[in-house]
Amino acid sequence: MLKLIHAADFHLDSPFSGLAPDQAILRRREQRELLVRLADLAQVRQADLVLLAGDLFDGERIFQETAQVLAQQLGAVPCPVFIAPGNHDFYSGRSPYATLSWPENVHIFTAETIEAVPLPQLDCTVYGAAFTAPRQERSPLSGFQTQEKGLRLMVLHGQAGAWGEYAPIPTGAIRDSGLDYLALGHVHQTDGPHWEGEVPWAYPGCPEGRGFDETGDKGVLYVEVDRGVCRAELVPLAQRRYQILDVNLTGAEHILQAIERQLPEHTQRDVYRLRLTGERGMEQLDLEGLRQALAPRFYGLQLRDHTRLARDLWARLEEDSLTGLFLQEMELRRRQEPDNEILELAVRFGLAALEGGEDVVP
């Protein structure tokens, strides 16, 4: 049974344009700290291999400090490390992969064609390939089928089950590959392991969210693999999370207090987007004033107004229409059951269903 750390899509030195400049600088520093936690995890879990499936960098140009930390921490990993460059960090003569001095335990795949690296001491072979341009329409698994003995592993950056310009990988090619594990990068959500025939494959997602399209816990996969066996566990590594929370303001007399009552504990380290929902009075929401009052509770905060003006549920009670007949029936029930709180909710749902159009009763 081989023990793997499967990671991808670090996007080191991302701009973090949605944050204030000083916060963006701190977030890039925190990204580098991910590499320390990655090396620590490999030691704690006694990993046999680390597979890095591309987009370690957000672009060709990176800060010198980032390059130094990456090389240093990968050198601290007590096992072989394999890197398959992706579309953001594609291999070229100018890329950090070609210009940096890498530790002896790090192997970087440099060509679009599949390369095999045998590891007799582990009774396995690691395959991989690289993006050599920002786009690659050819499938890296086209016509591939492994013949080696022992466990057969592969690390790639690409799109499983898709066609497009980012190394599309048909699921049939995965099934026919003969691999014992396919470590993929490109998708920023944890996905898998899936099985195509007898071949397991997975995406670890990104280890640190960078926006509200990358919410929740982020990390890397710890994988145990053998012939016909694959167990994967998401190990969170992110220091901060992006979260989206709906806050209902219906009936609130004091907006700020209503928001605070609905906030979870321990939000200080995370970046939140609060979507204000429900019904409110005629007054406008002071979003900037609310944001300033709430900001100390978060690392970063956005407010979005999705509220609607309050309506008189019974305003059309006397109409000679389907809506009027519906409200008359519900008004009768309200008089019969004055303490039934569900009736108001039923009226709201009923009006919402009727708002698409109605026939006037002759």
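**View 1. Lining of the largest pocket in the predicted model.** Among the 20 residues that line the largest pocket, Gly18, Leu19, Tyr242, Val271 and Gln302 lie nearest its centre. A pocket is an open set of points on a 1 Å grid over the protein atoms alone, where a 1.4 Å probe fits, with protein on both sides within 12 Å along at least five of seven lines; lining residues have an atom within 4 Å of a point. The space in this pocket is about 330 Å³, a volume being that filled by probe spheres set on the points. Strand β18 (residues 300-305) supplies the largest share of the lining, 3 residues. Strands (E, at least two residues) and helices (H or I, at least four) are DSSP runs numbered from the N terminus. The model is predicted, and local features need pLDDT of at least 70, while totals for linings use all residues. Residues are numbered from 1 along each chain as its sequence is written.

**View 2. Lining of the second largest pocket.** This pocket has a volume of about 180 Å³. Its lining has 10 residues, with Glu279, Arg308, Arg311, Arg348 and Ala352 nearest the centre. Helix α8 (residues 342-354) gives the largest share, 5 residues.

**View 3. Open sheet of 6 strands.** The strand order is β5-β6-β7-β10-β12-β11, with mixed pairing; two strands pair if DSSP finds at least two bridges between them. Strands β5 (115-119) and β11 (191-196) are the edges, each pairing on one side only.

**View 4. Pairing of β7 with β10.** Strands β7 (residues 151-157) and β10 (residues 181-185) run parallel over 5 bridges. His157 stands opposite Gly185 in β10.

Definitions and conventions:
This is a predicted model: local features need pLDDT of at least 70, side-chain atom pairs count only at pLDDT 80 or more; totals for chains, interfaces and linings use all residues. Side-chain values use heavy atoms; hydrogens and water are left out.
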